Amino acid sequence: MIDKEVRSVCVGVVGCGYWGPKLIRNFQTIPGSEMRGVADLRQDRLEHIRGLYPAIKTTTSYEELLDSPIEAVAIATPVSRHFAMARQALLHNKHVLVEKPLTQSSKDAEALIALAEERQRVLMVGHTFEYNPAVEYLKDYIARGDLGHVYYVNASRVNLGIFQKDINVIWDLAPHDVSILLYILGLKPDKVSARGAAYVQPNIEDVAYVTLNFPTGIMADVRVSWLDPCKIRRITVVGSKKMIVYDDVEPTEKIRIYDKGVDAPPYSDTMEQFRLSYRYGDITTPAISNAEPLAQECAHFLDCIRNGKEARSSGRVGLQVVKILEGAQRSLKSGGAVQEITW
């Protein structure tokens, strides 16, 4: 059977700083994508893009980009501009991909979701790690029950820089791990707490520890920092049967499964009879696809546009992440007090 020809989708990108060029590269190369236009306020960044892709039209006017014959726009600007730019794009009947986090408030996120539904447009958030083959494997492994009952999760996302001037480290780095946790566990936390400190820039925390508590009893700790000598991108999930480590910095063995654990006797009459049984089994490293997560994300965005599907990292998922970040921020400013999350 001959495959149907994939309908082409015309795309524009706003923002040519750190992440924008990566989006442009992917939309330029993905089959069925027409990379039509790019907007940025900096002429030097636009000149850089023209040097790489002479056929792409560039402009310093976001309105001009929205008035051009594009069907979708990807927004890679500072988070403070996400709401206004996404809203403007939706009002122009464009499908929208917004980099994380979706907005700076749940109220704004809810407004974008309502507008996207009213206009019947795709609203998607750039939770890139949800499209990482290693994270997909981790989700499937947990869902199959091979890990047993999940006890707790520990996540670390630290490095030296890049320091932001408009948001703290929780809003910058924690969206990655929070979105991963929601995805792999299929659960939403009901409590969050956070503590942190600002060492380099006044009032902008560069180190933070966030704890999420789930209704099932799972506890997840997330450590984020711009002020660490080592680059670490690691998540450890401990279950009743096995333990699994996802290390994104590891070039080849991104997933390691440890057949390790501890079992308590079903019953005992005395402390002398009570003995914990430790299990030390094999370590396995499954083969994981090396497909680029951002390419998978961009292709998924285009597929949702063509087929009218809700995105994996939809606006609703983006709202969930923002609500958790808001709770963490409240906790941070109240000395680490536990905050209830209402869904």
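In which helix does Val 169 lie? In this predicted model, Val 169 lies in helix H7. The residue is buried, with a relative accessible area of 0%. Leaving aside residues up to four places away in sequence, Val 169 touches Ala 174, Glu 205, Asp 206, Val 207, Ala 208, Val 224, Ser 225 and Trp 226. Gly 15 is 154 residues from Val 169 in sequence. The C-alpha atoms of Val 169 and Gly 15 are 21 Å apart in space.

Helix H7 spans residues 169-185 and packs with helix H9, residues 315-333. The angle between H7 and H9 is about 130 degrees. Their axes are 10 Å apart. H7 and H9 are therefore oblique to each other. The crossing of H7 past H9 is right-handed. On the H7 side, the contact is made by Ile 170, Trp 171, Ala 174, Pro 175, Val 178, Ser 179 and Leu 182. H9 contributes Gln 320, Val 321, Val 322, Ile 324, Leu 325, Glu 326, Ala 328, Gln 329 and Leu 332. By class, the residues of this contact comprise 12 nonpolar, 3 polar and 1 charged. Ala 174 of H7 takes part in the contact with H9 and also touches Val 169.

Cysteines were examined next. A search of the whole structure finds 0 disulfides. Cys 16 is in no disulfide. The nearest cysteine sulfur to that of Cys 16 belongs to Cys 298, 14 Å away. A disulfide requires the two sulfur atoms to be within 2.5 Å. Cys 16 counts as buried, at 0% relative accessibility. Cys 230, with a relative accessible area of 42%, is partly exposed.

How values were computed
Residues numbered from 1 in each chain as written. Predicted model: local features only at pLDDT ≥ 70, side-chain atom pairs only at ≥ 80, totals over all residues. Heavy atoms only, no water. Axes fitted to C-alpha atoms, helices over the stretch in contact; angles between N-to-C directions. Helix = DSSP H or I, 4+ residues; strand = E, 2+ residues; numbered from the N terminus. Parallel < 35°, antiparallel > 145°, perpendicular 65-115°, else oblique. Left-handed = near helix turned anticlockwise from the far one by under 90°. Contact = heavy atoms within 4.5 Å. Nonpolar A, V, L, I, M, F, W, Y, C, P; charged D, E, K, R; others polar. Buried < 20%, exposed > 50% of the residue type's maximum accessible area, 1.4 Å probe, protein only.
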